Amino acid sequence: MYFSDYYSIDMHGFREMAPPQFEFGSELTLIPFPTETPAATASSPELEAAADAAAAGCCADERRLRRRISNRESARRSRERKQRRLDELRASAADLERRRRELAARAQAARGRLALVRLANAGLRAEAAALSRRLAAASRALALGRLYQYHAAAAAGSLGFVDIEQTIASLIA
């Protein structure tokens with residue numbers, strides 16, 4: 001008995017299994033799945049043509065079965081490729097997420113340093129403004145001192161050459 005004696009493929013490509021047929025009697029005998037009719041043993045042109053058509057149908061069934069197996073293998077390979085691509089994309093996403101976290105940490109550190117630099121800059125600007133005010137006050141004090149000196153020299157009678165208008169203009173500014 002052959003495998004094809006018990007299994008067949010219908011038009012939709014599904015396998016059917018015909019259970020073994022047993023005859024009742026003194027011994028159990030296995031009757032194969034009917035692939036040939038008893039009348040097929042007689043030779044006639046119609047029966048031979050039917051046998052050839054059945055053989056061609058069997059070959060077509062085998063071709064369909066091979067094609068189905070090939071398609072299943074192709075689908076399996078395709079699923080494997082998709083899975084590999086998905087795994088690669090997941091690994092890439094994990095790497096990108098790790099890099100994003102690193103860059104976010106670096107950006108946060110840079111923002112912290114920027115805040116410190118701005119604070120130091122504001123302190124330096126305030127110090128520069130204070131020093132500028134002190135310099136202006138010192139310049140006015142010197143000009144006022146020169147004015148007093150001029151006034152004292154004029155009272156003593158030894159008037160030296162001092163530009164009074166320039167001294168007064170510097171005090172106003």
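What percentage of the 173 residues in the protein chain is buried? In this predicted model, buried residues make up 5% of the chain, where buried means under 20% relative accessible area, exposed means over 50%, and partly exposed covers the range in between (1.4 Å probe, protein chains only). The accessible surface comes to about 14700 Å², with areas taken from the Shrake-Rupley method with a 1.4 Å probe and, for residues, only the protein chains shown counted as cover. Carbon and sulfur atoms hold 61% of that surface.

Residues are numbered from 1 along each chain as its sequence is written, and side-chain values use heavy atoms, with hydrogens and water left out. Local features need pLDDT of at least 70 and side-chain atom pairs count only at pLDDT 80 or more, whereas totals for chains, interfaces and linings use all residues.

The protein chain has 3 helices and 4 strands, and from the N terminus on these elements run α-β-β-β-β-α-α. Both kinds of element are DSSP runs numbered from the N terminus, helices being H or I with at least four residues and strands E with at least two. Helix H2 spans residues 45–156. As for contacts (heavy atoms within 4.5 Å), those with a separation of 6 or more include 44% between residues 24 or more positions apart.

Confidence is given as pLDDT, the predictor's value for each residue from 0 to 100. The chain has a mean pLDDT of 77, and 60% of its residues reach 70 or more. Over residues 38–42, pLDDT stays under 50, and the model has 3 contacts beyond four places in sequence for this stretch. Where pLDDT is low, the predicted coordinates should not be read in detail.

Side chains of opposite charge can pair when their charged atoms come close. A search of the whole structure finds 8 salt bridges, each being a side-chain nitrogen of Lys or Arg within 4 Å of a carboxyl oxygen of Asp or Glu. One of them joins Glu 102 and Arg 98 at 2.8 Å, N to O. These two residues stand 4 residues apart in helix H2 and are therefore separated by about one helical turn. Glu 102 is partly exposed at 41% relative accessible area, as is Arg 98 at 36%.

Salt bridges with shared partners also link Glu 73, Arg 76 and Glu 80 into one network. Arg 76 pairs with Glu 73 at 2.6 Å, N to O, and with Glu 80 at 2.6 Å, N to O. Within helix H2, Glu 73 lies 3 residues from Arg 76, about one turn of the helix, and Glu 80 lies 4 residues from Arg 76, again about one turn. Relative accessibility is 32% for Arg 76, which counts as partly exposed. Glu 73 is partly exposed at 34%, and Glu 80 is partly exposed at 35%.
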